[in-house]
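Have a look at the model, then read on.

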Amino acid sequence: DGAGKRTVWVTKAKPFVPLRAETFVRGSSDTITFDYSNWAFDLPMPESFFEIPSDVEVESLDYDEYMEKSAEGPVGPAPILYPDLLHGSKP
């Protein structure tokens, strides 16, 4: 896309896990590479692992609420990861 190029290398056989992920950032000409050294499957994880800690406040917004709040400033402590899904890509 206009922001860069992403390439992922995966194993040739199932379960087709990533071995390497590479991102080329067009604006800076930087290349970021992640090499995976190990994978683990079917790890037992208790439901409590996915529970939100009691001291963390979670807010859920629909699209219109998000747009209204974002007009006032940044929304939440973490930005939306894929703004292009909300607003489309800029030319």
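A patch here is built from residues with over 30% relative accessible area and no salt bridge, with nonpolar side chains (Val, Leu, Ile, Met, Phe, Trp, Tyr) joined within 5 Å. A salt bridge is a side-chain nitrogen of Lys or Arg within 4 Å of a carboxyl oxygen of Asp or Glu, and accessible areas come from the Shrake-Rupley method with a 1.4 Å probe. By that rule, Ile32, Phe34, Tyr36, Trp39 and Phe41 make a nonpolar surface patch, with about 520 Å² of accessible area together. Trp39 sits in the loop between strand 3 and helix 1 (63-72), and is partly exposed at a relative accessible area of 38%, because that falls between the cut-offs for buried (under 20%) and exposed (over 50%).

This is a predicted model, where local features need pLDDT of at least 70 and side-chain atom pairs count only at pLDDT 80 or more, while totals for chains use all residues. Residues are numbered from 1 along each chain, and side-chain values use heavy atoms, leaving out hydrogens and water.

Along the sequence the pattern runs β-β-β-α-α; helices (H or I, at least four residues) and strands (E, at least two) are DSSP runs. The three strands form an open antiparallel sheet in the order 1-2-3, where pairing takes at least two DSSP bridges.

| Strand | Residues |
|---|---|
| Strand 1, edge | 4-10 |
| Strand 2 | 18-25 |
| Strand 3, edge | 30-35 |

Strands 2 and 3 pair over six bridges, and Phe24 has Thr31 of strand 3 as its bridge partner. Overall, 4% of the 91 residues count as buried.

Methods:
Patches are made of residues with over 30% relative accessible area and no salt bridge: like charges are joined within 9 Å, nonpolar side chains (Val, Leu, Ile, Met, Phe, Trp, Tyr) within 5 Å. Buried means under 20% relative accessible area, exposed over 50%, partly exposed in between (1.4 Å probe, protein chains only).
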